[in-house]
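Let's take a walk through this model together. Keep the viewer open as you read.

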Amino acid sequence: MNKLLHGTCYYPELWPESEIPRDIAEMKKLGLNMVRIGEFTWSKMEPDEGRVSVDFFVRVLDQLHAAGIGVVYCTPTPTPPVWLTHGHPDRCFVDAEGRVMSHGARQHASYEHPVVRAACLRIVETLASAVGRHPAIIAWQIDNEFKCHVGEDFNPHAVAHWHRWLEARFGTIEKLNDAWGTEIWSERYQRFDQVPAPVRTPFLHNASLSTAYRMFCRESIAEFMDAQCAVIRRHSDKPITHNTVTFFSVNQERLFANLDFASFDDYPPRDNWPAIVFDNDLCRPAKPGRAHWFMETSVAHNGWFGNHEVTHPPGFLAAEAVVSFGLGAQAINYWLWRQQRTGCELPHSAILSTWFKPSVGYTAVEAVEAARRQLEPLMLASKPAVAEAAVTWSDLGRAMLQTEPLGGRPGYEVDFNKVVAQWHGLLLEAGIHRDVRFEGAALDGLKLLITPVMPFVSPDFLKKVEKFVRAGGVWICAPTTGTRGAEHTVPTDAGLGLVDAFAGVETVFSFPITGTGSTGKAFGLTAPVAGWCSALRPATSDTRVLGTLKSEQAPGLAFLTERRIGQGAVVVLGALPDGKTGAKLLAKLVAHYAKQAGVTLRFDATPGTVVCPRATADGETLWVVVNLNGKGGRVRVPKGATDALTGKKLPAGPLKLARYGWRVVWI
Amino acid sequence: MNKLLHGTCYYPELWPESEIPRDIAEMKKLGLNMVRIGEFTWSKMEPDEGRVSVDFFVRVLDQLHAAGIGVVYCTPTPTPPVWLTHGHPDRCFVDAEGRVMSHGARQHASYEHPVVRAACLRIVETLASAVGRHPAIIAWQIDNEFKCHVGEDFNPHAVAHWHRWLEARFGTIEKLNDAWGTEIWSERYQRFDQVPAPVRTPFLHNASLSTAYRMFCRESIAEFMDAQCAVIRRHSDKPITHNTVTFFSVNQERLFANLDFASFDDYPPRDNWPAIVFDNDLCRPAKPGRAHWFMETSVAHNGWFGNHEVTHPPGFLAAEAVVSFGLGAQAINYWLWRQQRTGCELPHSAILSTWFKPSVGYTAVEAVEAARRQLEPLMLASKPAVAEAAVTWSDLGRAMLQTEPLGGRPGYEVDFNKVVAQWHGLLLEAGIHRDVRFEGAALDGLKLLITPVMPFVSPDFLKKVEKFVRAGGVWICAPTTGTRGAEHTVPTDAGLGLVDAFAGVETVFSFPITGTGSTGKAFGLTAPVAGWCSALRPATSDTRVLGTLKSEQAPGLAFLTERRIGQGAVVVLGALPDGKTGAKLLAKLVAHYAKQAGVTLRFDATPGTVVCPRATADGETLWVVVNLNGKGGRVRVPKGATDALTGKKLPAGPLKLARYGWRVVWI
Amino acid sequence: MNKLLHGTCYYPELWPESEIPRDIAEMKKLGLNMVRIGEFTWSKMEPDEGRVSVDFFVRVLDQLHAAGIGVVYCTPTPTPPVWLTHGHPDRCFVDAEGRVMSHGARQHASYEHPVVRAACLRIVETLASAVGRHPAIIAWQIDNEFKCHVGEDFNPHAVAHWHRWLEARFGTIEKLNDAWGTEIWSERYQRFDQVPAPVRTPFLHNASLSTAYRMFCRESIAEFMDAQCAVIRRHSDKPITHNTVTFFSVNQERLFANLDFASFDDYPPRDNWPAIVFDNDLCRPAKPGRAHWFMETSVAHNGWFGNHEVTHPPGFLAAEAVVSFGLGAQAINYWLWRQQRTGCELPHSAILSTWFKPSVGYTAVEAVEAARRQLEPLMLASKPAVAEAAVTWSDLGRAMLQTEPLGGRPGYEVDFNKVVAQWHGLLLEAGIHRDVRFEGAALDGLKLLITPVMPFVSPDFLKKVEKFVRAGGVWICAPTTGTRGAEHTVPTDAGLGLVDAFAGVETVFSFPITGTGSTGKAFGLTAPVAGWCSALRPATSDTRVLGTLKSEQAPGLAFLTERRIGQGAVVVLGALPDGKTGAKLLAKLVAHYAKQAGVTLRFDATPGTVVCPRATADGETLWVVVNLNGKGGRVRVPKGATDALTGKKLPAGPLKLARYGWRVVWI
């Protein structure tokens, strides 16, 4: 599809059908070229069990198509009608406390229940067979934000599935007992059906069990998606996506595995603008060669009965859109078209008010459309540059951290998403173009790889990294990475498992260093260190100590080592520099290794101003530069740069950006 | 009854019967002329099912009557005996989490269960028939503090009642689906029995459903009270009341509907003294022509195992009593006579200790009795002046706010009671004599009406207001008022529903303004604005803008408008001025419109000193002036004022009050 | 056993059996002479129901014995195997919310269930009969940290037991109704089986019921221990202990009743070092004539998935060990030998890492062993001096405070353990050698007894105290002591029950004084007073007022009185001096009465440095002096003192101690 998309989530089923033409006319006026529909429409299609009609939505599609508006059609599985669960509490989601969910909101049905799953696939089949070839449809979305409201399911069918999953994974109960070390606390199981889901106990479950249950549930919801994809593909050749959010209880890498392209939802208030960059950087490499979409954001403020965010300032929405286009997104799509008249999201901003007037965010949408038109030819003529630096996203690591917030003293809990974002932020602040790469992804194009909070370093991962390092890459193994085994146990051969030998270190002590008054010195700076510490000693002659601890507990041991291997190097950071000086030390670390690794896609921009480098097929370079922090900024452009929108030559040196301003520059 | 009442809650059933004469002698010594008994006595009357005797209480009544002490007799329904619920968990209250309450405290039985309700009415019948004509009885109280410990009941009988209630309200399920917009999230119902009570879902229920369930439960408990009233009235002609508390889960207006007079309980610690004024101002107009009672307060400190308040300073209790008498209360009654020997309120203050000695609050009770005697002739000779200013109390509004704390960013939740108290406080601080008027109450006597947090402005209410305005009144429509429909939906014609047209405004934007840095300027002051904002534009030529926003989101729009209609005016305040300057701006707003409306019952007193204006039948004016903040104060008296207790002339000008001091003045 | 013990908890069942010799060799190298094993080994012994073998553990014992390492063998009842509870949720622990615990952690089985209890006694019998005479065993431990993860059990079998327990206690339901005053709130019971366990009610249960349920559950778990002891004693003559922790839901005094010696577990981080002193002072007098053990502590940091403590500084562990030996402990034992490879305590420090290398705490263990060797001959040649001062530990008092945190305004809750520790700390800071004595313990040797937070003062206790006072002792009755009756009711004869008459006071007012601005003056200091206040008046001519209130509520009344009785005195402190000046006042109070009582075991040491006085059989005095606060310190030694390790004479005057330093001195 040769365009940039700009659209909105649309709920024609909630308003008089006669108002659809007015809606479409207003969309056209705004220049919107897509809408997303369908995710909550099951009861509209099948008000009574078996009485199904898609006619209303065919009429909607017809009208949208006539207006030249493309449609993303969602499967309606997040909200089954009341007849599916009323009188059948056994078909509902059950949380870890055994609380059974009720009809009335979303995601209350248990997708583990065979009746629910069958009903879901049936309605998807009905829908896909009815509209699968409709020309209005440009893409499909499976369900909506899986697990946005719920975590692991403890429905009895989920637990039975868990037992089958364990059996498939381990084969015999003895293997499970060995892998999980279940002699501890006499946990030992005789049969798979005895293994509890991690329901309430007087204290904590075995880490292996807790982490495995998370991984099981996340695989199961992905399988549910796969099954829906298979149904749709029988009726349609349009691409399929799902709108993920990085902090929901899903396995991002597994979720995307069988999708055609990646999408994300994000509703950051102004201060959290780096989240937009992060999500684009995660989704861009998720499906190499396929542009990703920014599927949901609010035009002015997120809102529901329990919270609302601060209303956006002027310019913020356009900056979000431009940076997303620059970073490879093909679409930006709002939630939602017209303010909800009923439900529980009445306070959420929309393009139009309930009384069909421009809302507080309307002019921001106009500004996005103006930007989209200007950007479209330039974006279609170029592609985002392949990143040379990346941070690792490990869904198993994330599950382990949820079980065990390593270094997790109250107030010092390690949140996986936050730590990955912290390292992503270090690259961003350094002006380095970057990816967030899944643990299983190829390392193509990379020169610098940072792996934060991935407790288990698998042989496969390490093999890939070793090849990368030998070829000249620098791998930074950040704190906690390597400290656990595949089944969330502790390595028994070395403190960092396979990493010790690869990095040429001996992990001497492994302990929480927060609060001990310890400091680390490296790159000429001495900073407090915090979190879980692996205090190191070189174990091979080619291992250099770059950072040394001053610590009563681990005096003179290293917290930063480097070993050159082949053309590259492996760097172990054993403890996290903390505080202001720690932040400076980390910035120096990143700058040092970016340089050592030969990273070239690095830009000299003021903080809060982001450069999105792109390249045309014939090798020309284009920068999309955006001020995202609302303070304005500058970026240094080289000699010969040209403003891509005006065609005017730009003097070499600092190019100024207004508050939330953006520029496109041929370099 | 031609006296001021001064009494105490009394539990003779908890102590040896032989001690009753000693109790009564001590009451006489203190001058108490009433007691309240009976609310927890069911098991004393009916220790085994069907084995009933009221004899003990008849003896109590006989002795009290002989001593000239009047009795308020409570129905004993808050604490059914163990035989009613033991072995019958189905008869117990169930909370939103499905937790079934146990015997052992209070309000554990479900009044929705037919067996429980029948047993309650039977014991009330037994009681009323036995003592209904006893000459000691001066009034009845139904039950005790309905819903003081519990909120909405989710017993299956409650849910079945809910379905009948919905059917009676909507007639057909289609009407409910339309009114609630249940196509959203495929909530759509096929039958009334499918509509869930708002039990746990993965996210939030539809606002319409949540609010309706609150209103249903509050109506149901009121019906339970009505049924008890009907029983009592068959046996007694004494007036009936209930002791309400404004923050319990009841519908105050509905609760009072079938009662003979209003009563409130309040246990404010010293700093919360405005609550006493508020409660008197709410109860006084609740039953026009019938004096209200202050039914429960502590003599020194509230206390139970989870908390205790700070012990009162000397003078505070008398100030509470005097201001209540001055504001129209006929009675002040303590909880309780003698410190509890057992139970869970052992730390609560009482007049006497368990060891029958004067407690820390005893001298305070003596001071109240001295005041009562001085005040009695003056109070009997006069009545509280009818207020010219009022704030609106909307029980539907309160239910909506509980569902949706509008503007409810964490830390900025809008609590209905607090906001109404804030506006009441503005009148109080301005020295304006004021009412708290129920939404359904007549506007007789008023010149200025402020309606805070009443999201739904009904056609009936607006008709009443329009008449009031045309006749010269000023109506201030405060933030969030008008922003929702009757069924807790969003208006689709205008941002403030019917208010837009009436007030001659267009609501341009409706959004949360907190945190955006926006300010509003009016009355020469510029203050931050916060909460939910309706940004306005005049829509008629006679609408004046009095306050303008400085805001990136709504630049130049109005947050304060005025439209003259007839002899009066309607004023819309679209956003709440915040902070210290905001408080000043609000004070100016109130002063401005009090003046414009011609409010005359306004007094020049220092903060924390309250004037209660009263009038005799022949038109003479009496002020009861009380210092409530414990800092002493002054009030300006006109020429010719006389001290009503001493008969001495007072010089015109400031009249000083000591800490917690009070004066009665003929003007 | 004529040695000091130094050991570790050891889990050979979690590692390959072939590694045991390596473990033992390393233990020998470190000098460890004991291990504790067995508490979680049930599934290793009985992997399938009825298939039992203790062979593995016999082999472990054989090897340990061959190495000269003594073994404490624990019964494995905290973790029953999965076959005991899988498919039998009725056999599991149920909490107050009715939540049934699952297999997977510890203490999930209900010891109230007859099947569970029988299975427990059977496995103990199997174990004891198999290894009871094994020469490696030096002691037994019953179970492990009873109630460390759970509180009161609400399994239906527990509730049935509760009904039997009540019947045994009260005989007839009428007596229970009378004792608990159940006419209140119509609680009155017809039969014992109607008395609920304190499950969820809309408000609070009767204090009598809540406190009784705690006492019942604590007695029941002690009976479970007694039954295990009886089994073991049929097969072994080795002494039996249990490792208690003072803040678990057990009755410490009752728990120790049938044990041979006392043990405690404690994992204080550096700042909480006084806890170590407290626990030694509690356990030393618990079993007069039998040395107690310090059974569990971490070598460097406590840790599990929800928390970890700050890693110890060098010297801290040795200081903990030395002060414990000095205060009478025979053993110090670590949890654990080798870091957990699986489970949920992976972050807990151990002597060795999972990869069998010295951990961050290893050198600390070496330091302890060096100290143990130096201390051993000196400790064996002496015994701790009998304390002259003590604070009372009342398990009934603790239960009452848990029901009713007296004076319990939020933020001012009275925590029993904290208040007892506060008073213990006052003695410690005063340099006074002290005991923590159980309520039922004899008062032998004491000159000063302080009884904090013991609401019920029983006739037996008072008789003991009176004898103590008449013989010259001083009893300080601290705030809240005396304010409640045996069944958690309020005394009806006097504010402090029997104490009023004994102490020659009248409790005039009983009220919460926090926040009233009241102060108390005594010993020349005026301090704020806080908490629950008993304002006093002398009632006998020989009662002196030592401290007077300045208070609006209780002006001129006393908060500190003294009455000389016989050779001694009873002192009532009616309210707690608060803040910095309050702390000074309390220090003066303690110093004053220690002097008056003739306490001689008092040392002149800087804060944080503790003197442990000991005496040899022939009357020589030995001091173990330890710096515990990590700041170093000084203690004044008399003329003629000798360093017991070097034999060198010490000059009279200040003896310096390094950070965490310690000295042993002949006096």
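A quick word on ground rules: residues are numbered from 1 along each chain as its sequence is written, with chains lettered from A and ligands numbered from 1 in the order in which they are written. This is a predicted model, where local features need pLDDT of at least 70, side-chain atom pairs count only at pLDDT 80 or more, and totals for chains, interfaces and linings use all residues.

For the complex, the predictor gives an ipTM of 0.97 and a pTM of 0.97.

Now look at where chain A meets chain C. Residues count as in contact if their C-beta atoms, placed from the backbone, lie within 7 Å, and here 46 residues come from chain A and 53 from chain C. Helices (H or I, at least four residues) and strands (E, at least two) are DSSP runs, numbered from the N terminus. On chain A's side, α8 (207-233) and β17 (505-512) are the elements that give two or more residues, and β17(A) gives the most, with 4.

Turn to chain B, and the contact takes 53 residues from chain A and 46 from chain B. Elements of chain A giving two or more residues to this side are α2 (42-45), α4 (82-85), β9 (303-304) and β10 (307-308); α2(A) gives the most, with 3 residues.

Next, find the open sheet of 5 strands in chain A, ordered β12-β25-β26-β30-β28 with antiparallel pairing (strands pair if DSSP finds at least two bridges between them). Its edge strands, each pairing on one side only, are β12 (382-384) and β28 (642-643) of chain A. 3 bridges join β12(A) to β25(A), residues 609-616, and one partner pair there is A:Lys383 with A:Ala615. Helix α11(A), residues 316-326, lies across β25, β26 (621-627) and β30 (662-666) of chain A, at about 155° to β26(A); axes are lines fitted to C-alpha atoms, for helices over the stretch in contact, and angles run from 0 to 180 degrees between N-to-C directions.

Finally, zoom in on A:Thr241, in strand β5(A), residues 240-241. Is A:Thr241 buried or exposed? A:Thr241 is buried because 25 other C-beta atoms lie within 10 Å, the cut-offs being 20 or more for buried, 12 or fewer for exposed, and partly exposed in between, with C-beta atoms placed from the backbone. Leaving out residues up to four places away in sequence, A:Thr241 touches several residues, including A:Ala139, A:Gln141, A:Phe261 and A:Trp293.

Note on methods. Two residues are in contact if their C-beta atoms, placed from the backbone, lie within 7 Å.
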